Amino acid sequence: MANYDILMVRFGELSTKGKNKKDFIQTLYLNIKNSLKDFPSVEVEKRYDHIYVHINNENLDSVLNRLLDVSGIHSISLVKRVEKDIEVIKKTALDLIKEEEGNTFKIIAKRGDKTFPMVSDEINRAVATEILKNTSLKVDVHNPDIPLSIEIREEGAYLFCKTVPGLGGYPLGVGGRCLLMMSGGIDSPVAAYLLMKRGITIECVHFASPPYTSQGVIYKLQDLLHVLNRYQGEIRLNIVPFTEIQDAIYANTDESYCITLMRRMMYRISTELAKRRHCKAVANGESVGQVASQTLDSLIAINEVTNYPIIRPLATMDKLEIMNIATKIGTYDISIRPFEDCCTIFAPKNPKTAPKLDDIAKYEAKVDYDSLIKKALDNIEVQIIK
């Protein structure tokens, strides 16, 4: 890939954003610059239709791999930019196509600069003739092994054979910020990834119950968030002391209702913390029907404590789909480390799958939970993972 000196970044879904497109592109441009800040020679050039990343003296593969973790990028082409001279274009096309593997090719020229003296079809024929004379390749206009694109623009001619898909979604930050309930299991890191891919900046809340849960859970969370730093460079982790609330629940509640009450307390705390932190929603890794607290009946009973927006990115996914994403993004092996969170350790043998609000009210009336919630919120430990 020695011939390529520019990466052409396409926006994809941003093209549907109408009047907001300019703001989205500006955010993506800043995110790309930030993600490449440790490549000092790289230059990022913003135009209305594409963003161009000039590699200069940096390693192309390293820069490309970094960009593949930036949300809002639809695809990336490895590009050579040359002057708008047909002889230079023909020579460059021949050099590039000789590096590719295959038996057939197609030239796809687009003349964005209408002052260029040749129309697209004339460019196609001139370049194809050069390649046919100097290689054994054949033309296949329907299913070529090597599609070679040529784009003529005001500032130069761009040639490329290689295009790779980007992360897609929206640029991080355009969707606001939300508070993610982070357990340390398989699901919540995947939910975090999907939120960030959708342009939502996250911070996390974790409910710790020492001595029932160990410090190993916190280390596991730190490692998970370090993996997710690929997509968001800095993530705030709010660790809520939950032991007193959990003890009060188990001392005053029928065991079958304990998980329901625990989740209601977590939602109350998360809602208040989200308001304090100016987060626009609360999110979690719940998947409908996966466990007893995630049946529709349970979700109604648990959700009843808040009128805040609750985002469930995994709501309709099955476990295998979630595990596949976790493996792809590199969180799965960390998530299965044998350090359990409070919901796992205190899981009842026969949890209610259709809890009744009247029963819940009866159990919650036995304890002054408001003071326990306030105490927990006032004693949050904050860690910044970056």
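Among contacts in the protein chain between residues at least 6 apart in sequence, what percentage join residues at least 24 apart? The figure is 79%, where contact means heavy atoms within 4.5 Å.

This is a predicted model, in which local features need pLDDT of at least 70, side-chain atom pairs count only at pLDDT 80 or more, and totals for chains, interfaces and linings use all residues. Residues are numbered from 1 along each chain as its sequence is written, and side-chain values use heavy atoms, leaving out hydrogens and water.

Start with the whole chain, coloured by secondary structure. It has 14 helices and 14 strands; these are DSSP runs numbered from the N terminus, helices being H or I of at least four residues and strands E of at least two. The radius of gyration is 27 Å, well over the 21 Å that the globule rule gives for 386 residues, so the chain is more spread out than a compact globule. That radius is taken over C-alpha atoms, and the rule is 2.2 Å times the number of residues to the power 0.38. Along the principal axes, the C-alpha atoms fill a box of roughly 85 × 35 × 35 Å.

Next, select Asn56, in the loop between strand 3 (51–54) and helix 2 (60–67). Its phi is near 55°, a positive value in a residue other than glycine. Asn56 is partly exposed, at 40% relative accessible area (buried is under 20%, exposed over 50%, partly exposed in between; 1.4 Å probe, protein chains only).

Move to Pro211, in the loop between strand 10 (201–208) and helix 6 (215–228). The peptide bond from Pro210 to Pro211 is cis, with omega near 5°.

Finish at His278, between helix 8 (258–276) and strand 12 (281–283). Phi of His278 is near 60°, also positive, and the residue is exposed, at 63%.
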